[in-house]
Amino acid sequence: GTLEAWLALRGLRTLHLRVERAQSNAAELVRRLREHPAVAEVRYPGLGAMVSIVLAGGAPAGDLLTRSTTIWVHATSLGGVESTFERRRRWKVEPATIPDGLVRLSVGVEDVEDLWADLEQALNGLDPTASSR
């Protein structure tokens, strides 16, 4: 209807700013994540705000990470302006080729220092020497 069209047009006016901010946040978080001992691998194509990390501690680390943040919220629908993440391999139907410590991050537009502080304290709570299942 008319209201939906107006809301879509209103959102489009700031879309470029939101995308630019989310991408900038993602690039900075990737740089920091690559140096963290609890992170075994960072998967980031260099564009956009979607980042995947493989945690050294496998599935237990993924579960703990997604329960240990306050800004980042665990969600299955990613891509909004808020920072969300999802641990993969929680269901048997997912292929075994997906590492069980894989967490997909959808980086939002919040302050990058706040996002990192929240992620870092959660990562620091993981045991980086824990073996992957």
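**View A. Strands E4 and E5.** Strand E4 (residues 84-87) runs antiparallel to E5, joined by four bridges. Strands here are DSSP runs (E) of at least two residues, helices DSSP runs (H or I) of at least four, both numbered from the N terminus. Two strands pair if DSSP finds at least two bridges between them. Arg-87 stands opposite Val-103 in E5. The model is predicted: local features need pLDDT of at least 70, side-chain atom pairs count only at pLDDT 80 or more, and totals for chains, interfaces and linings use all residues. Residues are numbered from 1 along each chain as its sequence is written, and side-chain values use heavy atoms, without hydrogens or water.

**View B. Strands E2 and E5.** Five bridges link E2 to E5 (residues 102-106), and the two run antiparallel. Val-51 faces Leu-105 of E5 as its opposite residue. Val-54 has Leu-102 as its bridge partner in E5. Four of the five residues of E5 are buried, so E5 is largely enclosed by the rest of the structure. Buried means under 20% relative accessible area (1.4 Å probe, protein chains only).

**View C. The open sheet.** Five strands line up as E1-E2-E5-E4-E3, with mixed pairing. E1 and E3 (73-74) stand at the edges with a single partner strand each, so one side of each lacks a neighbour in the sheet.

**View D. Helix H1.** H1 (residues 2-33) kinks by about 50°, centred on Thr-14. The bend is the angle between axes fitted to the seven residues ending at a residue and the seven starting there. Its buried residues include Ala-22, Leu-29 and Leu-33. The buried residues of H1 pack against E1 (39-43), E2 (50-55) and helix H3 (112-124), where contact means heavy atoms within 4.5 Å.

Terms used:
Buried < 20%, exposed > 50% of the residue type's maximum accessible area, 1.4 Å probe, protein only.
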